[in-house]
Amino acid sequence: MDEASAIAVMDTLYKAMAGHSALLVTHKLDDLYRVDHIIVLDKGSLVEQGSYQQLLNAKGHFYQLIQQEEVNS
């Protein structure tokens with residue numbers, strides 16, 4: 001899927017989820033900046049949770065994943 005199509009799919013998904021609870025599982029971390037609450041799992045255990053900005057500011061596991069994704073893109 002090209003980038004424009006991926007953005008269109010995510011925009012549609014976020015609009016459909018508005019006002020509802022939903023579970024979004026993704027390996028594409030930059031899609032998560034618009035969600036209310038992120039739960040980070042590592043090997044089946046909860047390691048962090050919070051908003052996108054809170055998790056970045058904590059500079060923990062989520063932050064490291066974001067840094068790795070930026071290096072690999």
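Two strands are said to pair if DSSP finds at least two bridges between them. Helices (H or I, at least four residues) and strands (E, at least two) are DSSP runs, numbered from the N terminus. The structure is a predicted model, in which local features need pLDDT of at least 70, side-chain atom pairs count only at pLDDT 80 or more, and totals for chains, interfaces and linings use all residues. Residues are numbered from 1 along each chain as its sequence is written, and side-chain values use heavy atoms, with hydrogens and water left out.

**View 1. The hairpin of strand 1 and strand 2.** Strand 1 (38-42) and strand 2 (residues 45-50) pair in the antiparallel sense over five bridges. Val40 stands opposite Glu48 in strand 2. Two residues lie between the strands, and Lys43 in the turn has a positive phi of about 55 degrees.

**View 2. The lining of the largest pocket.** A pocket is an open set of points on a 1 Å grid over the protein atoms alone, where a 1.4 Å probe fits, with protein on both sides within 12 Å along at least five of seven lines; lining residues have an atom within 4 Å of a point. Of the 25 lining residues, Leu24, Leu32, His37, Ile38 and Ile39 lie nearest the centre of the largest pocket. Strand 1 gives the most to this lining, with four residues; helix 1 (3-17) and helix 3 (61-72) each supply at least two.

**View 3. The protein chain around these elements.** The chain has three helices and two strands, which follow the pattern α-β-β-α-α along the sequence. Its C-alpha trace spans about 30 × 30 × 25 Å along the principal axes.
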